[in-house]
Amino acid sequence: MVSYSRTPLVLSYAVVLCLLPLLFLFPPKLLTLQIRQNSAGTTRPGRKTSNPKPKIAFLFLTNSNLSFAPLWELFFEGNSHLYNIYIHADPASSFVSPGGVFADRSIPAVRTQRATATLIAAEKRLLAAALADDGLNLYFALLSQHCIPLHSFRFLYRTLFTQTDVRFPYRSFIEILSDDPQMGERYAARGEAAMLPEIPFEKFRKGSQFFVMTRRHATMVVREKRVLKKFELPCFQKHTCYPEEHYFPTLLSMADSDGCTHYTVTRVQWTGSLDGHPYVFGPGEVSPELIRRLRISNSSYSFMFARKFSVDCLEPLIQIARPVIFSD
């Protein structure tokens with residue numbers, strides 16, 4: 001188990017908890033922390049850095065070890081000034097930090113359980129820690145231990161920070177669906193009128209748990225409580241209760257629908273799924289053709305990440321990392 005007492009993120013996380021009430025009174029930009037660069041390429045509160053380039057915060061939500069850490073090390077290589085990493089590891093797990101770029105990047109964690117709002121709480125903790133830790137974190141990418149990159153870091157960075165829509169130059173990549181056939185059943189999971197008056201059925205949305213969110217939306221999510229209270233209510237039937245798939249799409253759709261793309265950049269395959277979990281790719285399926293196929297999306301953007309992959313996929317993925325995955 002990782003010891004959180006020595007990680008520098010603990011102080012940053014404590015700071016943001018103290019500042020949260022102020023977010024209701026002051027614009028988020030007034031609470032942006034000053035930063036300084038350390039030898040590892042991450043930033044901390046202090047004097048301003050000489051490097052003004054925006055960063056991507058990678059938020060790893062896990063209940064097991066980060067088995068694909070060596071692949072992510074190759075992904076991050078040479079870009080230490082353009083990203084930060086944050087890890088929320090369920091304290092009930094036997095998580096051990098893989099070291100390297102992941103060393104000392106864990107935040108104080110809470111127990112997480114499927115079909116409860118604990119996953120929302122964990123994701124909010126990751127967002128809060130990243131917001132407080134570095135004012136240059138402008139995008140926040142949520143990932144799991146089963147995720148892999150489908151492109152190079154530079155490809156992802158260029159895609160996020162060179163969006164061409166002048167009306168909405170920076171939008172959150174979050175899936176927002178309103179026509180899923182399970183919507184009625186899931187809306188009534190806590191009782192037919194339980195979501196009212198805050199969330200009428202016509203405003204209820206569904207989407208992938210995994211997003212790439214802007215700083216503006218991350219700030220909004222961290223300080224929001226009114227809609228969250230509805231999703232914290234217990235469900236009568238667990239098989240219809242997936243709060244993390246509804247809270248974020250519903251909230252952002254209600255608050256700033258035009259500021260979202262309405263699709264995710266994390267590919268998942270539901271064909272062959274089991275017990276509500278997506279299909280898991282095995283080592284025999286890893287190939288250049290698979291990577292190219294997983295990149296293809298119905299939107300104008302390529303998929304950037306994919307899940308789920310079994311832990312024994314690491315070696316074949318490493319073999320094609322430089323010539324295929326990162327050669328875009």
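The dialogue below goes through some features of a predicted model.

Q: What does the chain contain in the way of helices and strands?
A: This is a predicted model, and its chain has ten helices and eleven strands.

Q: How many residues does the chain have, and what share of them count as buried?
A: The chain has 328 residues, and 56% of them count as buried. Its accessible surface is about 14,800 Å², with 56% of that area belonging to carbon and sulfur atoms.

Q: Among contacts between residues at least 6 apart in sequence, what share join residues at least 24 apart?
A: The share is 78% of those contacts in the chain.

Q: How do strands of a sheet pair?
A: Strands pair through backbone hydrogen bonds, and the sense is either parallel or antiparallel. Strand β5, residues 137–144, shows both cases. With strand β3 (residues 55–62), β5 pairs in the parallel sense over seven bridges. With strand β8 (residues 212–214), β5 pairs in the antiparallel sense over three bridges.

Q: Is β5 mostly covered or mostly open?
A: β5 is mostly covered, with seven of its eight residues buried.

Q: Where are the edge strands in the open sheet of three strands?
A: The strand order in this sheet is β6-β11-β10, and the pairing is mixed. The edge strands are β6 (148–149) and β10, each of which pairs on one side only. β10 runs parallel to strand β11 (residues 305–307), and three bridges join the two.

Q: What describes two packed helices?
A: The description uses the angle between the axes and the distance between the axes. Helix α6 (residues 215–223) and helix α8 (residues 247–256) pack at an angle of about 110 degrees, and their axes are 11 Å apart. That angle makes α6 roughly perpendicular to α8, because angles of 65 to 115 degrees fall in that class. The crossing of α6 and α8 is right-handed.

Q: Which residues make the contact between α6 and α8?
A: From α6, the contact uses Arg216, His217, Met220 and Val221. From α8, it uses Tyr247, Phe248, Leu251, Leu252, Ala255 and Asp256. The general idea for reading such a list is that an α-helix has 3.6 residues a turn, so residues three or four places apart point the same way.

Q: Which residues of α8 are buried, and against what do they pack?
A: Eight of the ten residues of α8 are buried, and the helix is mostly covered. The buried residues are Tyr247, Phe248, Pro249, Thr250, Leu251, Leu252, Ser253 and Asp256. They pack against α3 (118–133), β7 (172–175), β8, α6, α7 (226–231) and β9 (260–262).

Q: Where are Asp104 and His262 found?
A: Asp104 is in the loop between β4 (83–89) and α3. It is not a glycine, yet its phi is positive, at about 60 degrees. Asp104 has 52% relative accessibility, so it counts as exposed, for which the cut-off is over 50%. His262 is in strand β9, and its phi is also positive, near 75 degrees. His262 has 29% relative accessibility and therefore counts as partly exposed.

Definitions and conventions:
Residues are numbered from 1 along each chain as its sequence is written. This is a predicted model: local features need pLDDT of at least 70, side-chain atom pairs count only at pLDDT 80 or more; totals for chains, interfaces and linings use all residues. Side-chain values use heavy atoms; hydrogens and water are left out. Helices (H or I, at least four residues) and strands (E, at least two) are DSSP runs, numbered from the N terminus. Buried means under 20% relative accessible area, exposed over 50%, partly exposed in between (1.4 Å probe, protein chains only). Contact means heavy atoms within 4.5 Å. Accessible areas come from the Shrake-Rupley method with a 1.4 Å probe; for residues, only the protein chains shown count as cover. Two strands pair if DSSP finds at least two bridges between them. Axes are lines fitted to C-alpha atoms, for helices over the stretch in contact, and angles run from 0 to 180 degrees between N-to-C directions. Angles under 35 degrees count as roughly parallel, over 145 as roughly antiparallel, 65 to 115 as roughly perpendicular and the rest as oblique. A crossing is left-handed if the near helix is turned anticlockwise from the far one by less than a right angle, and right-handed if clockwise.
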